[in-house]
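Biologist: Could you walk me through how some helices pack in this model? I would like to see it first and then ask a few things.

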Amino acid sequence: MSSTTPPAPPSTTCPNCAAPASGRFCASCGAPLEGAVCSTCRVPLTPGAKFCHRCGTPAGAAAAPTPTAHAEPSGFPAALPWAVAGIALLALIALLAGQRFNGARAAQPEAASASAGAVGPAAGGTGGAGVGVAPVRAPDISQMSPRERADRLYDRVMRLSEEGKQDSVNLFAQMGISAYQMLPEQDADSRYDMGRIAEVAGAVPLARAQADSILAADPNHLLGLILAISTARATGDSASARSFEAKLLSAQSSELARNLPEYQRHEREIAAAVDAAKKQVPKS
């Protein structure tokens, strides 16, 4: 009776080190291959990525042990399970209610002013042309798309970070990251926004994972390079930061010529990063 030899697993090339590889992880550098999943959250990993784009776990890391009854999760990444989505929804509803309440209060004096201004000479008034002023209403976020709500949270987190309100940053950062994670599709702009939110909230591995994902798809993308620079400096990796800064300066002109929408949206941040890179990279 003849025996059948099982077929050998298909061989491919590692996208990280270019060595021949098979299976789900490269035997030479450990980078994930097609079909690899994160050991923590079980989402598919991008081939060649160093970190999970969802939870920031290093690629190839051993699965975390099952927590005991007395074990408690710690750190910011532990606060980002899908359960946060429910908290984010409740917070958004509360925010919407607050905006409507404030809008109604603001509309009252404006309506009174408009009524007073509308009184003309024919009504016995002594005013001029009597031009009314339409009340200004707060935007209704319930009518926004998922991307618009995520971008609104990004703007709020960045503003709070600039104001030094770290407690509020941590609160809205959880909502913002969840909002971006729930988008049906991720692009360089959304990954950059999610990475910046994670960075200012102290979740540097998650931010670095977004930079890696952007650069894996587009090695010269300015937003990916900027995020890679800031996360490298946050971890004390000055050599990598200088390497990314040199690449940023080299790619700046050709990339800006592409006139991508995300470059226009983050024009101020790109200009600041280029100026900072010029101070760090020695002139040849």
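Modeller: Happy to! A crossing is left-handed if the near helix is turned anticlockwise from the far one by less than a right angle, and right-handed if clockwise. This is a predicted model, where local features need pLDDT of at least 70 and side-chain atom pairs count only at pLDDT 80 or more, while totals for chains, interfaces and linings use all residues. Residues are numbered from 1 along each chain as its sequence is written, and side-chain values use heavy atoms, with hydrogens and water left out.

Biologist: What is the handedness of the crossing where helix 6 passes helix 7?

Modeller: Helices (H or I, at least four residues) are DSSP runs, numbered from the N terminus. By the definition above, helix 6 passes helix 7 in a crossing that is left-handed.

Biologist: How is helix 6 oriented relative to helix 7, roughly parallel or roughly antiparallel?

Modeller: Axes are lines fitted to C-alpha atoms, for helices over the stretch in contact, and angles run from 0 to 180 degrees between N-to-C directions. The axes of helix 6 and helix 7 (residues 238-256) come within 9 Å and cross at roughly 165°. Angles under 35 degrees count as roughly parallel, over 145 as roughly antiparallel, 65 to 115 as roughly perpendicular and the rest as oblique. Helix 6 is therefore, relative to helix 7, roughly antiparallel.

Biologist: And helix 9: how does helix 6 lie relative to it, oblique or roughly perpendicular?

Modeller: The axes of helix 6 and helix 9 (residues 267-280) come within 11 Å and cross at roughly 55°. That angle makes helix 6, relative to helix 9, oblique.

Biologist: How many charged residues are in the contact of helix 5 with helix 6?

Modeller: The axes of helix 5 (residues 204-217) and helix 6 (residues 222-234) come within 8 Å and cross at roughly 150°. Contact means heavy atoms within 4.5 Å, and the residues making it include Ala 207, Arg 208 and Ile 214 of helix 5 and Leu 225 and Thr 231 of helix 6. Ala, Val, Leu, Ile, Met, Phe, Trp, Tyr, Cys and Pro count as nonpolar, Asp, Glu, Lys and Arg as charged, and the others, Gly among them, as polar. By class, this contact of helix 5 with helix 6 has nine nonpolar residues, three polar and, for charged, one.

Biologist: Is Asp 151 buried or exposed?

Modeller: Asp 151 sits in helix 2 (residues 146-162). Its relative accessible area is 18%, and the cut-offs are under 20% for buried, over 50% for exposed and partly exposed in between (1.4 Å probe, protein chains only). So Asp 151 is buried.

Technical notes
Helices (H or I, at least four residues) and strands (E, at least two) are DSSP runs, numbered from the N terminus.
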